[in-house]
Amino acid sequence: MGRIVGLTGDEATAEAMRQINPDVVAAYPITPQTETVQRFSEFVAEGIVATEMVRVESEHSAMSACVGAAAAGARAMTATSANGLALMWEICYIAASYRLPVIMAVVNRALSGPINIHCDHSDSMGTRDAGWIQIYSENCQEAYDNLIQAVRIAEEEKVRLPVMVTFDGFIISHAMERVEILEDDEVSQFIGKYKNAYSLLDVDSPVTYGPLDLYDYYFEHKRQQIEAIEISPEVIQKIGREFKDLSGRYYDLMGSCHLEGAELVIVAAGSTAGTVESVVDELREKGEKVGLLKIRIFRPFPAKQIAEALRGVRAVAVLDRSVSFGAQGGPIFLEIRSALFDEIKPPAVVNYIYGLGGRDIGVDEIERVYKNLERIAHTKKVDELVGYLGLRE
Amino acid sequence: MKEKGWKDIPWGGLILEEGNAEEYKTGSWRTHRPVWDEKKCTHCLLCWVYCPDSSIIVKEEKFKQFDYDHCKGCGICSTQCPTKAIHMEEEGKFVIKTEGGK
Ligand code: SF4
Ligand code: SF4
């Protein structure tokens, strides 16, 4: 049995990191991630964790230090937001390519410019092709739970990929919620010891990381990465089940959904899923056949499970908190619409971009989306494929 | 060497054998080849000191030969030789025996 405490998202993340007790943490502070690293530094200063804390001069160095540490056989973690993640970009690809199980908390914040410190998903969505497993969290509890599971997922022998766990900047990172914390020894038993089969520090079996890899083998190495991330869903589910045995909280590829008998469904990731859920509860009480599908694992995208879950649904609205400029909609929308392409009777799918730069999304707007879905389901006509919620004309 | 498929190679481009850079024959990159004139050589071994590719083979403290499998033809040895015992000639004049790594 664990404890029930009041923690912000950043604090819950730092608490998970304390319990994980990584060998190395290399991080650079950036709003709204700052409190995570600040609190964790206190644990280091007080000698509560055995972690080697590397106070780097930039996020590029933070991820580089994590890559070096992980290659040397250490369990390495970091946390960042927005422009910090953008500065890591190059090394994010390298961590994934070298198959290093680095764990990173990404506190979602809008990318500059113009400069903005509030939540949207442009930062993590931008790295969606970097080869990392991406887990989106709705609230503080999920951020805590996902981070602990991420360690196991990343280090699983047949996966061996870095994992990022995201949660919404300020909305979650700075909001205090009720969080159930596991016992320290439960966490350390759950995650076990990290054993890198190819450690740079193992002088008895020397290994080279990062050689030049040209046209004769680079393609084969990319194919291996594809295989690893495609295998990961079964690992994620297995670890989700084990985590349920430990905590009582179950996590699958999709987040908890409300789809029983639903005809009109909203797909959302992050804290907005919670807002949608409360609207669903309200409207269902009035007898409306509305539902929610919450995104949890975005990379790899669980297309098959989502297509199955949406079978029989008449209209779907996908909420995207980021823009893919010049694309046919937001990143989640593109995935969902593509996942439904092979369905015999696919539902109508529309996209709403919302919440950019921390713009609030309210219950009214979500109710309006369900109204629009009702009209679409009725008329079978989509006037506007991509719309904008909460934008002033 | 027959190239392996993606299922048969270590992940992430890892190289699990030490010192196997030698197997990669870089000699085929050469456009100019160093040629040695035994008569002028005083065996001072400055060429050995300067060669960035360890391609001067020395035996019993004397210049013996070039390692043409790895010499990239940079010409540093010929520039550094104090007695002008090494000069560069166009590679095309010689038969190319090795292809890089193949
Ligand atoms: S530098 Fe010239 S003289 Fe000295 S060993 Fe080399 S070839 Fe001979
Ligand atoms: S040409 Fe360059 S690589 Fe070749 S032997 Fe001389 S110094 Fe070495």
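Mentor: Start with R33(B), which sits in strand β1 of chain B; strands here are DSSP runs of E with at least two residues, helices are runs of H or I with at least four, and both are numbered from the N terminus. This is a predicted model, in which local features need pLDDT of at least 70 and side-chain atom pairs pLDDT 80 or more, while totals for chains, interfaces and linings use all residues. Residues are numbered from 1 along each chain as its sequence is written, chains are lettered from A and ligands numbered from 1 in the order in which they are written, and side-chain values use heavy atoms, with hydrogens and water left out.

R33(B) has a relative accessibility of 12%, so this arginine counts as buried; the label means under 20% relative accessible area, exposed means over 50%, and partly exposed is in between, with a 1.4 Å probe and protein chains only. Between R33(B) and P52(B) there are 15 Å from C-alpha to C-alpha, at a separation of 19 residues in sequence.

P52(B) is one of the residues around ligand 2, where a residue is near if one of its heavy atoms lies within 4 Å.

Back in strand β1 of chain B, the next residue to look at is W36(B). W36(B) has a relative accessible area of 24%, so this tryptophan is partly exposed. From W36(B) to K64(B) the chain runs 28 residues, and the two C-alpha atoms are separated by 9.6 Å. Through ring pairs, W36(B) is linked with F63(B), F66(B) and Y68(B) into a cluster.

Over all chains, the structure holds eleven aromatic pairs, counted when ring centres of Phe, Tyr or Trp (its six-membered ring) lie within 6.5 Å, with planes under 30 degrees apart called stacked, over 60 edge-to-face and the rest tilted. One of them joins Y198(A) and W11(B), edge-to-face, at 5.9 Å centre to centre and with 80° between the planes. This pair crosses between chains: Y198(A) belongs to the loop between α7 (184–191) and α8 (218–247) of chain A, and W11(B) to the segment before β1 (32–36) of chain B. The two partners can be set side by side by accessibility: Y198(A) is partly exposed at 26%, whereas W11(B) is buried at 14%. Within chain B, the ring centres of F63(B) and F66(B) are 5.2 Å apart and the planes meet at 75°, so this pair is edge-to-face. Both F63(B) and F66(B) are buried.

Some backbone details remain. H43(B) has a positive phi, near 60°, in a residue other than glycine. H43(B) lies in the loop between β1 and α1 (46–50) of chain B, and a relative accessible area of 25% makes H43(B) partly exposed. Phi of K84(B) is also positive, near 55°, again in a residue other than glycine. K84(B) is part of the loop between α2 (76–80) and β4 (86–90) of chain B; with a relative accessible area of 59%, K84(B) is exposed.

Chain A has cis peptide bonds to proline to note. The bond from T31(A) to P32(A) is cis, with omega near 0°, and P32(A) lies in the loop between β2 (24–27) and α2 (34–45). The bond from R299(A) to P300(A) is cis as well, with omega near -5°, and P300(A) is found in the loop between β11 (297–299) and α10 (303–309).
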